[in-house]
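Work through the exercises below with the sequence and the model open. Each task is followed by a solution in steps.

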Amino acid sequence: FARPCVGSQCPPPLVYFPITFSGTTQFCPPCPCELSGSSSNQMLPSDTTAYRIYAESLANHGHNLEPSRIVESIKNHGGVLITKGTSKWIIDPVMNSHLWETMMYFFGMSGAREMTKHQLDATGWIKRSRSEPRTIAVSNVDLLFRLQDDVHTCDVGKVSTFGNGKETSAVISAQEIQFVSPYNVTTITKRWDTTNSQYLDPNQIEIESVCSLISSGTELKIFKGSFESASLDV
């Protein structure tokens with residue numbers, strides 16, 4: 001949620017939703033269903049079925065799988081969708097091993113439990129997935145909105161100011177969230193000198209951030225201490 005500024009004039013604020021899950025996860029290539037080798041003689045679900053059940057479990061836990069609902073909600077509050085684009089995750093089990101393992105953790109904690117309710121061999125499916133590791137493809141979209149705003153000025157006391165055509169020295173600061181321990185969050189302050197020639201890269205812009213949200217997936221699980229490892233980069 002940001003407000004790009006030029007001098008003291010600010011257009012209506014922008015809202016950016018990156019990597020918004022759009023409801024589809026799959027192994028590439030997928031495996032079919034087969035009879036389990038366990039004594040229970042349950043079926044190993046096909047990967048397509050397993051991921052459909054995983055999506056159902058997310059919906060049952062209150063996760064939104066339809067980006068169109070976000071679009072409609074913001075439009076109903078006067079916002080405008082500026083642009084959207086695909087942002088698919090392609091997670092290679094070797095090149096992206098840590099994220100791959102994190103995704104398997106998600107499947108085991110959520111989807112596998114739902115599989116057992118369908119009388120399917122969830123443990124066998126997890127074992128097969130690990131013994132035959134394949135690329136995980138997750139469909140996401142990026143959404144960028146502009147909100148209505150009657151106030152088009154902002155406080156620029158913490159950002160670069162300009163006078164008489166010359167840039168004046170200024171240091172900007174930002175608060176960064178740190179997860180210290182389960183249910184224990186703090187912030188640290190980072191500062192940048194805007195007169196430094198390497199302050200911004202050629203393809204970067206400066207914005208005034210209004211607020212930031214905590215992901216209901218990865219970051220919330222880290223906040224609760226739900227992960228087996230706390231070494232995830234957020």
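A residue counts as buried when its relative accessible area is under 20%, as exposed when that area is over 50%, and as partly exposed in between. The model is a predicted one.

**Exercise 1.** Classify cysteine 31 and cysteine 33 as buried, partly exposed or exposed.

Solution. 
- Cysteine 31 has a relative accessibility of 14%, so this residue is buried.
- Cysteine 33 has a relative accessible area of 48%, so this residue is partly exposed.
- A related count is that of disulfides, for which sulfur atoms of two cysteines must lie within 2.5 Å. By this rule the protein has zero disulfides.

**Exercise 2.** Describe the protein as a whole: its secondary structure, its buried share and its contacts.

Solution. 
- The protein has five helices and twelve strands.
- Among its 234 residues, 32% are buried.
- Take the contacts with a separation of 6 or more: 70% of them join residues 24 or more positions apart.
- The accessible surface is about 14900 Å², and carbon and sulfur atoms hold 53% of this area.

**Exercise 3.** Find the largest nonpolar core and state which element gives the most to it.

Solution. 
- This core has 25 residues; Phe27, Tyr51, Met103, Phe107, Met115, Trp125 and Ile136 touch the most other members.
- Two or more residues each come from strand E2 (14-28), helix H1 (47-60), helix H3 (97-117), helix H4 (122-131) and strand E7 (135-146).
- H3 gives the most, eight residues.
- Beyond its neighbours up to four places away in sequence, tryptophan 125 touches Phe27, Leu44, Pro45, Ser46, Asp47, Ala50, Tyr51, Phe107 and Met115.
- There is also a second, separate core of seven residues, including Val71, Ile74, Val141 and Leu143.

Conventions
Residues are numbered from 1 along each chain as its sequence is written. This is a predicted model: local features need pLDDT of at least 70, side-chain atom pairs count only at pLDDT 80 or more; totals for chains, interfaces and linings use all residues. Side-chain values use heavy atoms; hydrogens and water are left out. Helices (H or I, at least four residues) and strands (E, at least two) are DSSP runs, numbered from the N terminus. Buried means under 20% relative accessible area, exposed over 50%, partly exposed in between (1.4 Å probe, protein chains only). Contact means heavy atoms within 4.5 Å. Accessible areas come from the Shrake-Rupley method with a 1.4 Å probe; for residues, only the protein chains shown count as cover. A nonpolar core is a set of buried Ala, Val, Leu, Ile, Met, Phe, Trp, Tyr and Cys residues joined through side-chain atoms within 4.5 Å.
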